[in-house]
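Colleague: I am new to this one. Could you show me how to read its features, step by step?

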Amino acid sequence: MATVVLMTAGSLIGGPLGGAIGALAGNAIDREILKPKGREGPRLTELRVQTSSYGTQIPKIFGTMRVAGSVIWATDLIEHRSTQSGGKGRPSTTSYSYTASFAVALSTRPIQSVGRIWADGKLLRGAAGDFKARTVFRLHLGSEDQAPDPLIAAMEGAGLAPAHRGIAYVVFEDLELADFGNRIPSLSFEVIGDAGPQAAGAIAQALGGAVLEAPEATVPLAGFAASGATVRAVIEMLAGAAGGWFRADAEKLVLLSGGGPALALEDAGAGEARGRRDIAAADAAPRTLTLAYYEPARDYQAGVQRAVAPGAGVREARMELAAAIDAASAKGIAEAALARLDVERERRTLALPWRSLAVRPGERVTIAGAPGVWRVDQWRLEGMVVLLECVAVAPGAPSAAASGGRVLPAPDLPLGETRIHAFELPPLGALATVPRLAIAAAGTGPGWRSAALLVSSDDGATWSAAGSTAMPAVLGHVVTPPGPAPSHVEDRRNMLVVELVNGAMLLHDADPAALAAGANLAMASGELLQFARAVPLGGRQWALTGLWRGRRGTEAGIATHSAGDRFVLLDAEALVTLDLPAEAMGKTIRVLAQGVGDVEPGAAEAMVGGISVVPPSPVHLRATGLPGGGAEIAWTRRSRSGWDWIDGIDAPLAEESERYQVEIAWDGGGRAALTEVPGIVLTAEERAAAVAVTVRQIGAHGLSPPATLILPALGEDG
């Protein structure tokens with residue numbers, strides 16, 4: 001009759017079980033489920049490495065576990081090309097992006113759902129089920145009647161696509177790969193096989209089927225992925241985690257643990273045979289045991305707990321439990337295993353009459369005159385004497401407090417919905433030669449990253465792709481508009497209250513030097529302004545004061561504010577600028593932005609008036625009387641590139657030539673004139689009749705906004 005004797009390392013996981021299985025008469029169970037081809041159970045590293053090799057083992061998932069899975073089907077990378085016009089006289093830009101479709105097998109046992117998904121260690125799918133990259137996702141739960149995936153069926157052909165019945169798997173359709181170096185990332189999945197923790201014994205029973213029973217309570221495991229060279233190795237690992245062993249009953253094994261009823265035995269001897277007692281040296285047992293496991297609180301990263309026993313000896317043992325458990329449970333398992341190794345130094349051999357043949361290997365017994373509970377480790381029959389080799393059973397270990405260390409989970413930030421603003425922007429850098437549209441976007445959640453853009457110049461009849469948005473902008477809407485104020489001095493009277501689209505956005509103060517360098521420049525309604533102080537009011541609202549109004553020639557927008565208008569903090573890295581054809585002047589451009597989490601795309605529209613290409617209106621219009629009753633009308637030129645006023649005398653021209661269109665209005669008529677200098681002379685008759693003079697600078701791409709001087713009426717004597 002064969003027996004199995006394991007060394008110290010083996011006894012940590014399967015020693016008690018090894019003796020029971022080895023003593024099982026007939027080997028019926030070995031042939032049925034415990035095929036002895038090795039003892040390699042699941043390792044901690046195997047569950048974290050995604051594979052695509054033919055013949056790779058797919059685990060059975062119990063409870064909730066993080067596994068990498070195996071790629072079982074994939075397409076080639078699909079290239080997508082987008083061409084964006086560079087505007088008049090500028091080359092177009094062609095950008096490329098890549099997607100892939102593939103399927104990943106997760107479990108050879110039906111599951112309930114999939115939670116979070118990690119890609120290259122970062123969250124691809126959050127706890128709320130939101131994806132951080134664009135894809136179509138389908139989950140097949142592993143039922144025996146599931147149909148083939150529609151994409152696989154379409155690609156492989158009707159009747160050629162397997163349904164993978166009994167295998168839980170997921171399909172990614174057109175996963176965008178830009179965030180992963182244009183390759184399929186290394187994925188891992190939080191797989192929910194069962195609701196709540198599962199007892200180690202219940203898992204072993206599910207794996208063993210009808211030839212395995214686990215009637216007693218065993219340690220609960222938050223998750224377990226059953227894999228390994230043999231079913232036997234997996235069950236031995238579970239028995240080790242439970243601190244139990246198996247009793248051989250006819251055609252099945254029964255998992256027992258330290259508690260429960262025990263058969264009373266008395267070693268009275270049989271014939272000339274007498275029992276004996278052996279106790280190994282104290283240093284024969286390890287003094288330190290290290291348990292490696294997966295910890296759910298740390299995103300299922302590998303954790304380590306150590307148990308240390310006092311006494312002589314320097315031996316150490318290591319136990320790998322490829323299961324998800326909390327730190328305290330891991331500490332308790334480690335301490336129980338270490339105590340078990342120490343107690344099992346004591347062995348008793350009982351010599352019983354042949355009538356005790358019914359005492360089975362693995363039986364829990366008590367021995368008259370010996371304290372505690374024992375288990376029958378080996379059984380043999382010699383000269384009609386039953387010799388039972390018994391090992392002391394360690395009492396249950398008390399609950400242990402432990403910490404898994406600091407938790408640094410992958411950020412799981414909600415994406416929210418896309419919010420977008422589009423507006424024509426005065427030149428902030430290089431001069432534009434065609435109308436230029438600025439687009440800023442962000443999400444209502446702090447995890448939003450980008451959205452695909454579509455643009456229409458014909459009121460939505462046709463749309464063209466315009467690439468994607470830039471980094472998230474700081475934007476929102478006006479809650480309390482500021483009142484009117486001049487543009488040439490700081491506005492210390494008014495306050496602008498804005499509400500940003502998500503609570504993670506921040507605004508900051510700026511001193512005069514920073515403001516002079518362009519800090520805190522924002523588009524509010526149709527006015528460019530700057531603010532010196534930003535005070536949070538709660539509820540995503542901010543009060544902005546110390547305003548510099550009408551920047552870059554937008555003083556006309558000072559009077560256009562109303563509640564609900566756009567607010568965008570201008571940041572070059574957060575803006576997409578589109579050069580539009582010259583024909584776009586005077587048209588309304590519509591923009592759509594489709595983000596990963598959007599049910600409906602974000603929408604915005606902007607009227608192209610030419611502020612990006614025409615010069616700003618002249619300023620400081622003034623009238624000076626001349627002898628004879630005439631008047632000289634003069635003004636100061638402004639420039640699209642002269643906002644810093646470096647020489648303090650004149651602004652650079654920034655146009656092909658200096659020209660102005662002047663309109664002189666009087667009751668019932670008026671006249672128009674062109675001039676190449678910043679002034680014009682009115683005759684005495686014109687001055688007497690004129691009520692207003694309007695001046696526009698003529699730019700290379702159109703007329704500036706008007707600047708108007710109202711002339712007072714003259715007396716009869718002029």
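Modeller: Start with a definition: a salt bridge is a side-chain nitrogen of Lys or Arg within 4 Å of a carboxyl oxygen of Asp or Glu. Two notes on the source come next. This is a predicted model, where local features need pLDDT of at least 70, side-chain atom pairs count only at pLDDT 80 or more, and totals for chains, interfaces and linings use all residues. Residues are numbered from 1 along each chain as its sequence is written, and side-chain values use heavy atoms, with hydrogens and water left out.

Colleague: How many salt bridges does the structure hold?

Modeller: The structure holds 37 salt bridges. Take Asp-377 and Arg-347: their side chains meet in one, at 2.8 Å from N to O.

Colleague: Where in the chain do Asp-377 and Arg-347 sit?

Modeller: Helices (H or I, at least four residues) and strands (E, at least two) are DSSP runs, numbered from the N terminus. Asp-377 is in strand β23 (residues 370-382) and Arg-347 in strand β21, 30 residues apart. The pair thus links distant parts of the chain. Both residues also belong to a network of salt bridges, together with Glu-344, Arg-375 and Glu-389.

Colleague: Is Asp-377 buried or exposed?

Modeller: Buried means under 20% relative accessible area, exposed over 50%, and partly exposed in between (1.4 Å probe, protein chains only). Asp-377 is buried, because its relative accessible area is 10%. Arg-347 counts as partly exposed, because its value is 23%.

Colleague: What about the salt bridge between Glu-527 and Arg-549?

Modeller: Their side chains meet at 2.8 Å, N to O. Glu-527 is in strand β32 (residues 527-538), while Arg-549 is in the loop between β33 (541-548) and β34 (566-569). They are 22 residues apart. Glu-527 has 0% relative accessibility, so it counts as buried. Arg-549 also has 0% and counts as buried.

Colleague: Which residue forms a salt bridge with Arg-638?

Modeller: Glu-555 does, with the closest N and O atoms 2.6 Å apart. Arg-638 lies in the loop between β39 and β40 (660-666), and Glu-555 in the loop between β33 and β34, so the pair ties together parts 83 residues apart in sequence. Arg-638 is buried at 14%. Glu-555 is partly exposed at 25%.

Colleague: Now the sheets. What is the order of the eight strands that form an open sheet?

Modeller: First the rule: two strands pair if DSSP finds at least two bridges between them. The order is β6-β5-β9-β1-β13-β20-β18-β19, and the pairing is mixed. The edge strands are β6 (122-125) and β19 (301-308), each pairing on one side only. Strand β5 (residues 113-119) runs antiparallel to β6, joined by three bridges. In that region, Ala-119 stands opposite Lys-122 in β6.

Colleague: Which strands does helix α5 touch?

Modeller: Contact means heavy atoms within 4.5 Å. For angles, axes are lines fitted to C-alpha atoms, for helices over the stretch in contact, and angles run from 0 to 180 degrees between N-to-C directions. Helix α5 (residues 200-208) packs on the sheet and touches β1 (60-67) and β13 (223-226). Its direction makes about 110° with that of β1. Helix α7 (residues 327-343) lies across β18 (288-295), β19 and β20 (316-324), at about 150° to β18.

Colleague: What is the order of the open sheet of three strands?

Modeller: The order is β38-β39-β42, with antiparallel pairing. β38 (619-625) and β42 (679-682) each have a single partner strand, so one side of each is left without a neighbour in the sheet. The twist averages 15° from one strand to the next. Four bridges join β39 (residues 631-636) to β42. There, Ala-634 has Gly-679 as its bridge partner.

Colleague: Which residues is Gly-602 in contact with, beyond its neighbours within four places in sequence?

Modeller: Thr-418, Ile-420, Val-591, Leu-592 and Ala-593. Gly-602 is found in strand β37 (residues 602-607). Gly-602 is buried, at 6%. The C-alpha atoms of Gly-602 and Arg-419 are separated by 5.3 Å, yet these residues are 183 apart along the chain.

Colleague: And the chain overall?

Modeller: The protein chain has nine helices and 45 strands. Of its 718 residues, 49% count as buried.
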